[in-house]
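Here is a friendly briefing to read with the structure open beside you.

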Amino acid sequence: MTATTESTVAGLIADISDVGADPVRGGFTRPIHSAADHDLRAWFVEQAERRSLDVETDRNGIVWAWWNPGRLPIRDAVVTGSHLDSVPGGGAYDGPLGVATALVAVDHLVSRGVAPHRPLSIAVFPEEEGSRYGLACLGSQLLTGDVDPDRVRGLTDSDGVTFAELASRNGLDPHHIGPDPTRLASVGSFVELHVEQGRGLIDLERPIAIGNSIIGHGRWMLSFRGQGNHAGTTLMHDRSDPMVAAASTVSSVRALARRTTGARATVGRLDAVPGGTNVIASRVDVWLDVRHPSDEVVATLVASIMDAARIAAADEDCRVTLTEASVSPTVAFDVDLRDRLRRVLPDAPVLDTGAGHDAGVLGEHLPTSMLFVRNPTGISHAPEEHVEGADAETGAVALADVLADLLVR
Ligand code: GLV
Ligand code: MN
Ligand code: MN
């Protein structure tokens, strides 16, 4: 096999810079099975085929592109990759950087003449952000069996389309989604490269870090119900307005989280039903994201938020219910793999992250690690997320170094 391209990471990211560009929010909106998501998958398949990788899509919609020049049996495989879906109005690098870097890392392995002792795959995981179905890392959680496929089949998006319907429309048999123990057992290690989503590397003045852990995080929905009514004819003391209860709860979320050292709690989304300017809402769903290195603290903080929500609801003569969408415990990456990466990349610091990743899901099942690439703005899940071209190339070389080490020893 010869190197078939002279791609750079920046060039690959530029190739897809108009896909899913969001003229309203700015940045990119690339939900699972949108036209943008399909274009990105087609782009990935084309890039993989240019490199003579063998591409397959598994029963959970995960795309695997295999570099296996020796036609070795698929076992003890080294897997890298990331995701291509985005949050609404997200940045260009969260997900695509790990995919583009993996493609360039394969180019490096080929041009270095690496003869692997085990197969390598680039995996692209669907619905990592959970922006369409509310469940983060949906593809990797189906693969590992961490989520019940029945639950996933029944999830609905904001248009009321179930995951089962969406899967069928897109050529994925919804009856066959779910745990894939044989595939999982064939993976020996997973290394996900990702844009750093905070300021760790800026402060350390370094381009690359090795991941240590992902702090525990979860998503909940607080649903406030009151009485929908007319904005003009309903007197102020005669209302049961769930928006008021929701607003008070949003303030409590901030106050309670600020009192909890190391906690992050966010309400980034409110859905008002029916959602008219001249209509008192009948229901408001408040989406809550809570994170902390201690899973116990996460649970305690959510319970305190729910207490505050109950009081706010009672004050407004409303009701509130709490639904857990997903909880991911704190994950410490495999220590032996982390130390192996440290030997390969002795100058790279080791960092924890507050962001969730498919690596966190796989890390509960097999030796997993991460590489982070500096983001000079420190901003992520927003259009300002950035990676300098030189750092991206450094990331591709670092990933190739790590993969070469894992493939030949
Ligand atoms: C994903 O990026 C998350 O941390 O929610
Ligand atoms: Mn990501
Ligand atoms: Mn993200």
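How far apart are the manganese ion (ligand 2) and the manganese ion (ligand 3), and which residue coordinates both? The two ions are 3.6 Å apart, and the residue that coordinates both is Asp94. Please keep in mind that this is a predicted model. The points below start with the metals, then turn to salt bridges, backbone geometry, a pocket and a surface patch.

**The manganese ion (ligand 2)**

- Three residues supply the protein donors here: His83 through NE2, Asp94 through OD and His194 through NE2.
- Read along the sequence, the donor residues follow the spacing H-x10-D-x99-H.
- Asp94 sits in the loop between E3 and H3, while His194 belongs to strand E5 (residues 187-195), so the pair ties together parts of the chain that are 100 residues apart in sequence.
- Are Asp94 and His194 buried or exposed? Both Asp94 and His194 are buried.

- Asp94 and Glu129 link distant parts of the chain, 35 residues apart. Asp94 is in the loop between strand E3 (77-83) and helix H3 (96-112), and Glu129 is in the loop between strand E4 (120-125) and helix H4 (138-144).
- Asp94 has a relative accessibility of 6%, so it counts as buried. Glu129 is buried too, with a relative accessible area of 6%.
- His381 is partly exposed because its relative accessible area is 38%, a value between the 20% and 50% cut-offs.

**Salt bridges**

- How many salt bridges does a search of the whole structure find? The search finds 22.
- One of them joins the side chains of Glu46 and Arg50, with N to O at 2.8 Å. Both residues belong to helix H2 (residues 35-50), and they are 4 residues apart, about one turn of the helix.
- Glu46 is partly exposed at 40% relative accessibility, and Arg50 is partly exposed with a relative accessible area of 40%.
- Another salt bridge pairs Arg59 with Asp180, whose closest N and O atoms are 3.9 Å apart. Arg59 lies in the loop between strand E1 (54-57) and strand E2 (63-67), and Asp180 in the loop between helix H6 (163-169) and helix H7 (181-185), so this pair ties together parts that are 121 residues apart in sequence.
- Arg59 is partly exposed, at 36% relative accessible area, whereas Asp180 is buried, at 10%.
- Asp180 also forms a salt bridge with Arg183, the closest N and O atoms being 3.4 Å apart. Arg183 and Asp180 are both buried.
- Which residues make up the network of salt bridges around this spot? Glu56, Asp58, Arg59, Asp180 and Arg183 are linked in it.

**Backbone geometry**

- Most residues other than glycine have a negative phi, and most peptide bonds are trans.
- The peptide bond from Val273 to Pro274 is cis, with omega near 5°. Pro274 is in the loop between strand E9 (264-273) and strand E10 (279-280).
- Glu205 has a positive phi, near 55°. Its place is the loop between helix H8 (200-204) and strand E6 (208-214), and at 65% relative accessibility Glu205 counts as exposed.
- His381 lies in the loop between strand E15 (368-373) and helix H13 (389-408).

**A pocket and a surface patch**

- The second largest pocket has a volume of about 220 Å³. Its lining has 20 residues, and those nearest its centre are Gln141, Val327, Ser328, Pro329 and Val361.
- Strand E12 (319-328) and helix H12 (358-362) are the elements that give two or more residues to this lining. The largest share, 5 residues, comes from E12.
- Met243, Val250 and Leu270 make a nonpolar surface patch of about 210 Å². Val250 lies in helix H9 (residues 242-258) and is partly exposed, at 30% relative accessibility.

Conventions. Residues are numbered from 1 along each chain as its sequence is written. Chains are lettered from A and ligands numbered from 1 in the order in which they are written. This is a predicted model: local features need pLDDT of at least 70, side-chain atom pairs count only at pLDDT 80 or more; totals for chains, interfaces and linings use all residues. Side-chain values use heavy atoms; hydrogens and water are left out. Buried means under 20% relative accessible area, exposed over 50%, partly exposed in between (1.4 Å probe, protein chains only). Patches are made of residues with over 30% relative accessible area and no salt bridge: like charges are joined within 9 Å, nonpolar side chains (Val, Leu, Ile, Met, Phe, Trp, Tyr) within 5 Å. Accessible areas come from the Shrake-Rupley method with a 1.4 Å probe; for residues, only the protein chains shown count as cover. A salt bridge is a side-chain nitrogen of Lys or Arg within 4 Å of a carboxyl oxygen of Asp or Glu. On a 1 Å grid over the protein atoms alone, a cavity is a set of points where a 1.4 Å probe fits but cannot get out, and a pocket is an open set with protein on both sides within 12 Å along at least five of seven lines; lining residues have an atom within 4 Å of a point. Grid points are joined across faces, edges and corners, and a volume is the space filled by probe spheres set on the points. Donors are N, O and S atoms within 2.8 Å of the metal (3.2 Å for Na, K and Ca); water is not among the atoms, so sites may look incomplete.
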